[in-house]
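Please look over the sequence and the model shown below, and then read on for a description of some of its parts.

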Amino acid sequence: MPADPSPLTWWAERPPAAGAAVMATAIVSVGLRLAGAETLSPAALTVAALSWLALAADFVLRLVRERRRWMAEARSTEALNAVAATTVLGTGISMLGRQTPAEAFLALAALLWPVLLVLALRHWERRMPGAVFLCCVATQGLAVLAATLGAAERTAWLAHTALVLFWLGLLLYGLALTRFDPRQTLEGAGDHWIAGGALAISALAGARLLAADSGRLYLWDDDDSDVLRTATVVLLVLSLAGYLVLVAAEAARPRPGYDMRRWATVFPMGMTAAATLSVAAALDAPWLRVPGQVLVWIAVAAWLAAALGAVLALRAGPETG
């Protein structure tokens, strides 16, 4: 058996898909906060922030020292995990009341987004795994963070920008759907769940946009609000239906064992929970809180299972990591 790699070596060898671990941890933190678990939420956010810093350092080092590898990875759809992870972490930080660092995360994500999005779109293929939906997730992540900051700072232009990103994200979802291989639902290694997670983050973006409106901002007129409400409800219903379909597919075709892409399963689970709780608040639908809270704890259990799998993979060696 090969010698166990150090955690730093193991982490440096992670592919761009490792960003899903940051996304999953950050959204679980957001979900816990929305569910009222004020003690656990900051702890999860701290883990997400430390993981993000490690990935960011590795991102920069590869750009400086391994330019060819960096370019090869930047062309993959999974590279958009960097944008999505940055926006979800920024949203969690904003919810803590730390708007200045959240603004920095928004600025960084906004700089990375067009570059990585164009590179990903130029290298799309006909039949792709669930990671193809990261184009939507990254775009809606920007919408969520911009809307959250717009509401916190009463800045109308941020909310209006978030609305544009919201509709663009839906367009990208439709384009990604034409490239998604539906067989991945039964055969995927975990990232097929992003198909549902993209719907969930879109519903969350809609809820954040509705919540951003206030008497001081006057963001949307009645017609705009009605369209946004309808779209948000439809997106939440679709994300919940997708959640059930994906659970049924896992039951019909179990895929045991750890794979890095399983973090891309945890993220949609946490995102669906956060979207349900956010829509409950934005639309004044308290009956959604109980299912939202249940989904949060399911996501926590999935996060713990993925974390255990990562630890066991680290101990077993690079072949299983």
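In this predicted model, Thr86 is in contact with Trp52, Phe105, Leu108 and Ala109, when its neighbours within four places in sequence are left aside. With one of these residues, Trp52, the link is also a polar contact, made between the side chain of Thr86 and the side chain of Trp52 at 3.0 Å. Thr86 itself is found in helix 5, which covers residues 81–95. Is Thr86 buried or exposed? Because its relative accessible area is 2%, and buried means under 20%, Thr86 counts as buried.

A second topic is the packing of two helices. Two packed helices are described by the angle between their axes and the distance between the axes. The axes of helix 11 (residues 222–252) and helix 12 (residues 263–282) come within 10 Å and cross at roughly 145°, and the crossing of helix 11 and helix 12 is left-handed. The residues that make this contact are set out by helix in the table.

| Helix | Residues in the contact |
|---|---|
| Helix 11 | Arg229, Thr232, Leu236, Leu240 and Tyr243 |
| Helix 12 | Met269, Thr272, Ala275, Thr276, Val279 and Ala282 |

Sorted by class, the contact of helix 11 with helix 12 has seven nonpolar residues, three polar residues and one charged residue.

Helix 13, which runs over residues 289–316, has 28 residues. From its first C-alpha to its last, helix 13 reaches 40 Å, which is close to the 40 Å expected at 1.5 Å a residue. Several residues of helix 13 are buried, among them Gly292, Leu295, Val296, Ala299 and Val300, and also Ala306, Gly309 and Ala313.

Terms used. Residues are numbered from 1 along each chain as its sequence is written. This is a predicted model: local features need pLDDT of at least 70, side-chain atom pairs count only at pLDDT 80 or more; totals for chains, interfaces and linings use all residues. Side-chain values use heavy atoms; hydrogens and water are left out. Helices (H or I, at least four residues) and strands (E, at least two) are DSSP runs, numbered from the N terminus. Buried means under 20% relative accessible area, exposed over 50%, partly exposed in between (1.4 Å probe, protein chains only). A polar contact is a pair of N or O atoms within 3.5 Å; within protein, one must be able to donate a hydrogen and the other to accept it, and residues adjacent in sequence count only if both atoms are side-chain atoms. Contact means heavy atoms within 4.5 Å. Axes are lines fitted to C-alpha atoms, for helices over the stretch in contact, and angles run from 0 to 180 degrees between N-to-C directions. A crossing is left-handed if the near helix is turned anticlockwise from the far one by less than a right angle, and right-handed if clockwise. Ala, Val, Leu, Ile, Met, Phe, Trp, Tyr, Cys and Pro count as nonpolar, Asp, Glu, Lys and Arg as charged, and the others, Gly among them, as polar. The expected span of a helix is 1.5 Å times one less than its number of residues.
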